[in-house]
Amino acid sequence: MFCDFVDRKCTRCGFVLPEGVDMPAVRNCGDGWRAGDDLEKWLVSFGISKERWKAAKSAFGLPPTCNCDARKEWLNQASAKLCMAAEKLRNVLDEYYSKPR
């Protein structure tokens, strides 16, 4: 199944195209590495959640904020750009090596 983009966001999997990236002709829905989501899962597996981070900051007299969602989204968009760049590179290399020598 392919992504169905509306205003740069897939209505099926929720993937958001980063600014400055052209709309792909075809993209497999759900594909792509989302580094922000993976990092959040990894941190939570070690017991570091948003709530615990805020509580730890409060204990040290710091404002109980984390800005976690903004960082997560930034990482997701950065990893999406990296995946698209890798896909373009793979296509260029495939074309280069498919020519007879």
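The model is predicted, so local features need pLDDT of at least 70 and side-chain atom pairs count only at pLDDT 80 or more, while totals for chains, interfaces and linings use all residues. Residues are numbered from 1 along each chain as its sequence is written, and side-chain values use heavy atoms, with hydrogens and water left out.

**Overall fold**

- The chain has 3 helices and 2 strands; helices (H or I, at least four residues) and strands (E, at least two) are DSSP runs, numbered from the N terminus.
- Along the sequence, these elements come in the order β-β-α-α-α.
- The chain is more spread out than a compact globule, because its radius of gyration is 18 Å, well over the 13 Å that the globule rule gives for 101 residues. That radius is taken over C-alpha atoms, and the rule is 2.2 Å times the number of residues to the power 0.38.
- Taken along the principal axes, the C-alpha atoms fill a box of roughly 65 × 35 × 25 Å.
- Buried residues make up 18% of the 101 residues; here buried means under 20% relative accessible area, exposed over 50%, and partly exposed in between (1.4 Å probe, protein chains only).
- Of the contacts (heavy atoms within 4.5 Å) between residues at least 6 apart in sequence, 46% join residues at least 24 apart.

**Helix 3**

- Helix 3 covers residues 68-98, which is 31 residues.
- From its first C-alpha to its last, helix 3 reaches 44 Å, close to the 45 Å expected at 1.5 Å a residue; the expected span is 1.5 Å times one less than the number of residues.
- Asn 76, Ser 79, Ala 80 and Met 84 are the buried residues of helix 3.
- Helix 1 (35-45) is included in what covers those buried residues.
- As a reminder, an α-helix has 3.6 residues a turn, so residues three or four places apart point the same way.

**Surface**

- The accessible surface of the chain comes to about 7,800 Å², and 60% of it belongs to carbon and sulfur atoms. Areas come from the Shrake-Rupley method with a 1.4 Å probe; for residues, only the protein chains shown count as cover.
- Leu 39, Trp 42, Phe 46, Ile 48 and Trp 53 form a nonpolar patch on the surface, with about 550 Å² of accessible area together.
- Patches are made of residues with over 30% relative accessible area and no salt bridge; like charges are joined within 9 Å, and nonpolar side chains (Val, Leu, Ile, Met, Phe, Trp, Tyr) within 5 Å.
- Trp 53 sits in helix 2 (residues 50-59) and is partly exposed, with a relative accessible area of 44%.

**Salt bridges**

- The structure holds 3 salt bridges, each defined as a side-chain nitrogen of Lys or Arg within 4 Å of a carboxyl oxygen of Asp or Glu.
- Asp 37 pairs with Lys 72, the closest N and O atoms being 3.5 Å apart. This pair links Asp 37 in helix 1 to Lys 72 in helix 3, 35 residues apart.
- Glu 40 also forms a salt bridge with Lys 72, at 2.8 Å between the closest N and O atoms. Glu 40 lies in helix 1 and Lys 72 in helix 3, 32 residues apart.
- Both partners count as partly exposed: Glu 40 at 29% relative accessibility and Lys 72 at 24%.
- Asp 69 in helix 3 and Lys 50 in helix 2 are 19 residues apart, and their salt bridge has its closest N and O atoms 2.6 Å apart.
- Shared partners join Asp 37, Glu 40 and Lys 72 into one network.
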